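Biologist: I would like to learn how to read a model like this one, feature by feature. Where should I start?

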Amino acid sequence: MTATRVATENAPAAVGPYSQAVEAGGTVYVSGQVPLDPATGRLVDGGIRAQAEQSLRNVGAILEAAGLGYGDVVKTTVLLADIADFAAVNEVYARFFTGPVLPARAAFQVAALPLGAGVEIEAVAVRA
């Protein structure tokens, strides 16, 4: 099986030695996206809702670069700096994932996230 790097300028560049996403065997693995504005490289302002929205927009830009969309996502992982933000992030998340079959998901509070972010979201999508 061959693995292919997926990359786009419409999402932030990786902040470490990894790819924005990798496709292997018809499955696209999107690396965790923190709420960086791809135009500025900075965390977005506006609180956890704005951060969740930017993280999901970054995921969407990477999916688009792979020729996929939110409806192709089968699994996500949501990492939160504060589990008290769970409900607010859920409200934003529900605007992006609306299909009849929603992705499986795990959500965790972690000690800290890269660059001081409040949320990080990764996704796995499958090419039909």
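Modeller: Start with a cut-off: a residue counts as buried under 20% relative accessible area, as exposed over 50%, and as partly exposed in between. Keep in mind that this is a predicted model.

Biologist: Is methionine 1 buried or exposed?

Modeller: Methionine 1 has a relative accessibility of 86%, so it counts as exposed. Its place is in the segment before β1 (3–6).

Biologist: Which residues is methionine 1 in contact with, leaving aside its neighbours within four places in sequence?

Modeller: With those neighbours set aside, methionine 1 is in contact with Ala24 and Gly25. The C-alpha atoms of methionine 1 and alanine 24 are 6.8 Å apart, although 23 residues separate the two along the chain.

Biologist: How do I apply the cut-off to residues in helices?

Modeller: Take two cases. Glutamine 54 is in helix α1, and its relative accessible area is 12%, so it is buried. Apart from neighbours within four places in sequence, glutamine 54 is in contact with Pro35, Leu36, Asp37, Pro38 and Val44. Asparagine 90 lies in helix α2, and with 26% relative accessibility it counts as partly exposed.

Biologist: What do the totals say about burial and contacts?

Modeller: Of the 128 residues, 41% are buried. The accessible surface is about 6700 Å², and carbon and sulfur atoms account for 53% of that surface. Among contacts with a separation of 6 or more, 68% are between residues 24 or more positions apart.

Biologist: What is the general idea behind looking for a nonpolar core?

Modeller: In soluble globular proteins, nonpolar side chains tend to be buried together. Here, the largest nonpolar core has 27 residues, and those with the most contacts inside it are Val30, Leu56, Leu63, Val78, Val89 and Val119. At least two residues of this core come from each of β3 (27–33), α1 (47–65), β4 (73–80), α2 (86–96) and β6 (119–126). Helix α1 supplies the largest share, seven residues.

Biologist: What should I check in the backbone of a loop?

Modeller: One thing to check is the phi angle. Leucine 115 has a positive phi of about 65° although it is not a glycine. Leucine 115 lies in the loop between β5 (104–109) and β6, and its relative accessible area is 53%, so it is exposed.

Biologist: How far apart are the mean positions of the positive and negative charges?

Modeller: The mean positions of the 8 positive and 12 negative charges are 2 Å apart.

Notes: Residues are numbered from 1 along each chain as its sequence is written. This is a predicted model: local features need pLDDT of at least 70, side-chain atom pairs count only at pLDDT 80 or more; totals for chains, interfaces and linings use all residues. Side-chain values use heavy atoms; hydrogens and water are left out. A nonpolar core is a set of buried Ala, Val, Leu, Ile, Met, Phe, Trp, Tyr and Cys residues joined through side-chain atoms within 4.5 Å. Buried means under 20% relative accessible area, exposed over 50%, partly exposed in between (1.4 Å probe, protein chains only). Helices (H or I, at least four residues) and strands (E, at least two) are DSSP runs, numbered from the N terminus. Contact means heavy atoms within 4.5 Å. Accessible areas come from the Shrake-Rupley method with a 1.4 Å probe; for residues, only the protein chains shown count as cover. Lys and Arg count as positive and Asp and Glu as negative; His and the chain ends are not counted. The place of a charge is taken as NZ of Lys, CZ of Arg, CG of Asp or CD of Glu.
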